[in-house]
Amino acid sequence: MGDLNVDTPTITGPSRTYSTKSWRLRYASRLRLIDAGVVIWAVAGAFGIRFGFAEISDNQVREVDYVLLSIALVVGWWILLELWGSRDSRVLGSGSEEYKRVIAGSVWLFGVVAVVSYALRIDTARGFVGLAFPAGALGLLIARWLVRQHLSLERKRGLSSSRVLIIGGRYSAAHLVSSLQSAPAAGYLPVAAHLPGAPPRGDFADVSVPVTGVETDFESILNAILKTDVDAVAVSAGVNMHPKDLRRLGWELAARDIGMILAPALTDVAGPRIHTQPVAGLPLIHVSTPKLAGGKKVAKRSFDLIVAGLLVALLAPLFLLLALMVKLTDGGPVFYRQERIGLRGTTFQMLKFRSMKVDADAQLNALLAAQGSGGTPLFKIENDPRITPLGRILRKYSLDELPQLLNVLGGSMSLVGPRPQREGEVALYDDAAHRRLYVSPGMSGLWQVSGRSNLNWEESIRLDLYYVENWSLMGDIVILFKTFKAVFASTGAV
């Protein structure tokens with residue numbers, strides 16, 4: 001950016017009036033209508049399937065009672081979705097919190113119905129409730145996902161987002177700006193930065209947004225906030241402000257309906273590992289140690305066995321067809337077996353449908369040397385001449401990976417986890433990369449659904465480490481759903 005201009009620069013982009021009062025209200029109203037439509041569809045559909053839509057006669061008192069129950073369910077369901085904050089603008093657009101709140105509100109509703117029915121000895125038709133609940137919950141999740149896709153497109157254009165002013169040290173502010181810019185779907189649009197205590201004529205090119213000033217006094221900071229017309233202020237690590245001024249800033253922002261966000265110097269740490277504890281008025285942040293053990297380990301393994309077993313049973317005809325096609329290609333073996341490094345450095349034989357020529361491994365070192373990538377951890381050959389015509393199709397849609405379901409059933413792999421690599425690649429790991437081996441390798445992983453093989457090594461290892469540090473069963477389910485989208489988009493082989 002060059003020398004600092006002490007005058008507050010003009011900040012272009014959507015005004016705060018539009019971003020706060022327009023998109024928040026618009027999406028809240030839209031979700032209220034969509035939620036009403038979905039729950040009415042689910043409850044009315046369950047009623048029709050269970051009792052039929054024929055006109056109810058005077059002596060069909062029970063059916064009339066279920067009409068009243070249906071109306072109560074629709075109203076109660078809609079209200080609980082509001083009370084659980086599932087339409088809160090802070091959870092829209094990214095993350096799983098919105099979906100969790102939808103499920104929580106739905107479960108509470110039908111939990112109350114079950115308890116009241118038992119306590120009052122009301123014989124509620126299980127078929128009616130058993131149809132309405134799953135249909136409605138699934139319908140709400142699908143509807144929310146569709147709304148999220150539209151919101152994500154708007155946010156990539158700089159719309160429907162909260163305008164944010166970053167306050168902090170130069171390097172922490174630059175990191176926070178780049179992080180928010182890399183995730184536009186989250187809905188935070190950094191428009192400027194204020195760097196209290198930075199050199200008055202410093203070069204702030206790495207901050208990548210206009211710098212409003214470097215003053216540390218409260219009035220200058222508040223003036224910068226008001227001039228930039230932002231919806232929220234994000235205070236990053238290294239901010240050179242007195243704690244009393246920070247507290248006063250919070251009061252002033254609350255009075256002006258401007259959000260205040262504290263961004264600690266923690267990277268790649270997810271919410272379940274973060275716990276706050278108030279001590280003497282200070283919100284201390286505790287970061288728990290990630291451990292995939294005990295009940296979590298049993299849950300992940302059970303999930304792998306159930307899903308992998310179902311997939312093998314359903315895909316058995318496809319397995320036979322692909323095996324025959326590979327065999328007829330050149331008469332070579334159907335499966336390609338390769339030794340890979342798994343959990344805590346153990347070795348195993350990873351299975352694939354063979355997509356290369358029979359002597360492919362013998363040509364690897366020469367090809368790596370030719371493209372000058374033999375010393376990098378990701379051994380990938382560009383425009384690999386060893387791949388067969390059938391193999392290119394198998395790789396495009398990741399069909400060559402299907403035999404790894406047998407590895408999952410055998411316990412050497414998981415459905416989701418860091419991709420297993422060769423011994424030569426693991427030998428090039430640094431200390432951070434070795435943490436990939438803390439969990440079982442997976443058929444798919446976080447970096448595959450975030451860009452697949454188009455990511456470089458540094459980006460890939462960062463995403464793998466994030467997965468290792470923040471594993472959750474819900475996260476695995478989300479990654480599996482994204483895997484299908486990434487495969488059919490054909491953006492690169494996993």
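Mentor: Buried residues make up 42% of the 494 residues in the chain. This is a predicted model, where local features need pLDDT of at least 70, side-chain atom pairs count only at pLDDT 80 or more, and totals for chains, interfaces and linings use all residues. Residues are numbered from 1 along each chain as its sequence is written, and side-chain values use heavy atoms, with hydrogens and water left out.

Trainee: What makes a residue buried or exposed?

Mentor: Buried means under 20% relative accessible area, exposed over 50%, and partly exposed in between, with a 1.4 Å probe and protein chains only.

Trainee: Why is D257 called exposed?

Mentor: D257 has 58% relative accessibility, so it counts as exposed. D257 lies in the loop between α7 and β5 (259-263). Helices (H or I, at least four residues) and strands (E, at least two) are DSSP runs, numbered from the N terminus.

Trainee: Which strands form the open sheet, and in what order?

Mentor: Five strands, in the order β3-β2-β1-β4-β5, with parallel pairing. β3 (211-213) and β5 stand at the edges; each has a single partner strand, so one side of each is left without a neighbour in the sheet. From one strand to the next, the twist averages 30 degrees.

Trainee: What describes the packing of α6 and α7?

Mentor: Two packed helices are described by the angle between their axes and the distance between the axes. For α6 (residues 218-228) and α7 (residues 243-255), the angle is about 35 degrees and the axes are 11 Å apart. Axes are lines fitted to C-alpha atoms, for helices over the stretch in contact; angles run from 0 to 180 degrees between N-to-C directions.

Trainee: Which residues of α6 and α7 meet?

Mentor: F218, E219, L222 and I225 in α6 meet D245, R248, L249, E252 and L253 in α7. Contact means heavy atoms within 4.5 Å. By class, this contact has five nonpolar, no polar and four charged residues. Ala, Val, Leu, Ile, Met, Phe, Trp, Tyr, Cys and Pro count as nonpolar, Asp, Glu, Lys and Arg as charged, and the others, Gly among them, as polar.

Trainee: Where does α6 lie?

Mentor: α6 lies across β1, β2 (188-194), β3 and β4, at about 155 degrees to β1. α7 also packs on the sheet, touching β1, β4 and β5.

Terms used:
Pairing = 2+ DSSP bridges.
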